[in-house]
Every structure is written in structure tokens, then in C-alpha cells.
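Please walk through the charged side-chain pairs of this protein. Take them one at a time and keep the model in view.

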Amino acid sequence: MSAITGAQIRAARALVRWTAEELANKASVGLSTIRRAEAEDGPTTITAANLKLIRIALESAGIEFIPENGGGVGVRFKK
């Protein structure tokens, strides 16, 4: 599982149309954790455990995180 960036978290949250508060609730993390994660375009400064919870919440909502593959990181809906 590759690391995800703050920009990917922001983009994923926009795709599922969740507020930062909704993501915090669904991931069982604090709102300040979401805000810290999204403040960075690159790698986040939050703990690996919290990042995993955020990733799981967004993936459960249908998001697929796209790793760096020559075209840059991104997000999209799973098929």
C-alpha cells in the first residue's frame, strides 16, 4: 500500500462530497487530524495509523488512490 498525499485526500473528499467533519467522523479521527493531513500537497505529517483510517474510510466510499506511475498521483472512483 503506497502512501497517499494531502492533495489526494482533499481530492477524494471532494469526489465523495464529504465535508472535513464527515470524513473525520467516518474515519474515527479528529477534525484537526483531517485539517493537518489536507494542509500538505505532498506526504502528510499525521500518524500512519490515522492515515490508514482515512484511507479506509475513503476507499469504503468508492475511492481508488492512484500511485505515482509516471503520470502523477491521483484519485478516481473505483469501477
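**Salt bridges, pair by pair**

Arg10 and Asp41 form a salt bridge, with their closest N and O atoms 2.6 Å apart. The term means a side-chain nitrogen of Lys or Arg within 4 Å of a carboxyl oxygen of Asp or Glu. Arg10 sits in helix H1 (residues 6-16), and Asp41 in the loop between helix H3 (31-39) and helix H4 (48-60), so the pair ties together parts 31 residues apart in sequence. Helices are DSSP runs of H or I, at least four residues long, numbered from the N terminus.

This is a predicted model: local features need pLDDT of at least 70, side-chain atom pairs count only at pLDDT 80 or more, and totals for chains, interfaces and linings use all residues. Residues are numbered from 1 along each chain as its sequence is written, and side-chain values use heavy atoms, leaving out hydrogens and water.

How open are the partners? Buried means under 20% relative accessible area, exposed over 50%, and partly exposed in between (1.4 Å probe, protein chains only). Arg10 is partly exposed at 30%. Asp41 is exposed at 55%.

Next, Glu21 and Arg35 meet in a salt bridge at 3.4 Å, N to O. Glu21 belongs to helix H2 (residues 20-27) and Arg35 to helix H3, so this pair ties together parts 14 residues apart in sequence. Glu21 is partly exposed at 38%. Arg35 is partly exposed at 46%.

Now look within helix H4. Arg55 and Glu59 form a salt bridge at 3.0 Å, N to O. They are 4 residues apart in helix H4, so about one helical turn separates them. Arg55 is buried at 8%, whereas Glu59 is partly exposed at 24%.

The whole structure holds 5 salt bridges.

How values were computed:
Helix = DSSP H or I, 4+ residues; strand = E, 2+ residues; numbered from the N terminus.
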